[in-house]
Amino acid sequence: MSTTIERIPDHLDAAQRERRPIDALPDTLTLDDAYWIQHGVLGRRTSRGERPVGIKLGFTSRAKMAQMGVSEIVVGQLTDAMRIPDGGAVALSGFIHPRIEPEIAFRLAWDIDVADPHADIEGAVDAVAPALEIIDSRYRDFRFTLPSVIADNTSAAGFVLGPWRPPGIDLANRAVRLEVNGAAVAHGTTAAILGHPMRALHALVPVARARGFRLHAGQIVLAGAASAAVAFQPGRVSAIVAGVGRVDLRGVDG
Ligand code: OOG
Ligand code: MG
């Protein structure tokens, strides 16, 4: 591949905007390169007026690792343009080959000093919510290696937040169900997310420190899907987390 690293952010950005899948990147890319590219892709989005609103973790469950053949935690970035209101509709034509997955979202009440090894991210959570994430790899056939998926902002494409709940709500071992048009299509448990979704939050801090992510007051953190993702097709999709709540989204043609 002749593309130099400097040109890859534009290449990935164009793939997303033109909904045109590209080949995965060379395996010679390091993780440093991959996060550098991701920050470049986000820089292009923010220069068009998008606002960073959160962080997402990926591959925090075995179900996701097994589905995609990647076995390390990845971190990506969410912008306001990716957010869809609870119960809202989204046109599937805006994506390449979207998939949908159930998630848990945390909200941070204050800035976290990621340089501080004792930073209390758990204490900073002021609300939790059920969430849906739309992922849409910019790579052909949704096939990628670890550096490629990191460079591609971990396939981030959209997200929906359900009603916020108090931070003290028990998130241990809660059943998670993904429904399409009222029928269950995937099952998981919050325990699938590194044993407890809070562990995903703790795992974020060293990655944020090493890879130049800032964690701000008001930011959303998606902990990673508890089940494998399914193809996002026209119809109603819901994530239901026992004892936490539900969140809904409608995929529409056009
Ligand atoms: C990468 C994104 C992984 C998760 O929740 O594990 C992710 C992908 O599967 O394309 O968002
Ligand atoms: Mg996800």
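What follows is a chat about the two ligand sites of a predicted model.

Biologist: Which residues are closest to ligand 1?

Modeller: In this predicted model, 17 residues surround ligand 1, and the closest are Lys 56, Phe 59, Lys 64, Ser 155 and Ala 225.

Biologist: What polar side-chain atoms lie 2.9 Å from an oxygen atom of ligand 1?

Modeller: Lys 56 has a polar side-chain atom 2.9 Å from an oxygen atom of ligand 1, and a polar side-chain atom of Glu 101 is likewise 2.9 Å from an oxygen atom of the ligand. From the backbone, a polar atom of Phe 59 lies 2.8 Å from a ligand oxygen.

Biologist: How much of the accessible area of ligand 1 does the protein cover?

Modeller: On its own ligand 1 has 320 Å² of accessible area, and the protein covers 100% of that; the ligand sits in the largest cavity.

Biologist: And which element gives the largest share of the shell?

Modeller: That is strand E1, with three residues, while strand E1 (52-58), helix H3 (62-68), strand E4 (99-108) and strand E5 (125-135) each supply at least two. By class, the shell holds eight nonpolar, five charged and four polar residues.

Biologist: Switching to the metal, what coordinates the magnesium ion?

Modeller: The magnesium ion, ligand 2, is coordinated at 2.0 Å by OE atoms of Glu 101, Glu 103 and Glu 133, and along the chain these donors follow the spacing E-x1-E-x29-E.

Biologist: Why does the pair Glu 103 and Glu 133 tie together parts that are apart in sequence?

Modeller: Because Glu 103 belongs to strand E4 and Glu 133 to strand E5, the pair ties together parts that are 30 residues apart in sequence. Glu 101, also a donor to the magnesium ion, is the residue whose polar side-chain atom lies 2.9 Å from an oxygen atom of ligand 1.

Conventions
Residues are numbered from 1 along each chain as its sequence is written. Chains are lettered from A and ligands numbered from 1 in the order in which they are written. This is a predicted model: local features need pLDDT of at least 70, side-chain atom pairs count only at pLDDT 80 or more; totals for chains, interfaces and linings use all residues. Side-chain values use heavy atoms; hydrogens and water are left out. A residue is near a molecule or strand if one of its heavy atoms lies within 4 Å of it. A polar contact is a pair of N or O atoms within 3.5 Å; within protein, one must be able to donate a hydrogen and the other to accept it, and residues adjacent in sequence count only if both atoms are side-chain atoms. Accessible areas come from the Shrake-Rupley method with a 1.4 Å probe; for residues, only the protein chains shown count as cover. On a 1 Å grid over the protein atoms alone, a cavity is a set of points where a 1.4 Å probe fits but cannot get out, and a pocket is an open set with protein on both sides within 12 Å along at least five of seven lines; lining residues have an atom within 4 Å of a point. A molecule sits in a cavity or pocket if more than half of its atoms lie within 2 Å of its grid points. Helices (H or I, at least four residues) and strands (E, at least two) are DSSP runs, numbered from the N terminus. Ala, Val, Leu, Ile, Met, Phe, Trp, Tyr, Cys and Pro count as nonpolar, Asp, Glu, Lys and Arg as charged, and the others, Gly among them, as polar. Donors are N, O and S atoms within 2.8 Å of the metal (3.2 Å for Na, K and Ca); water is not among the atoms, so sites may look incomplete.
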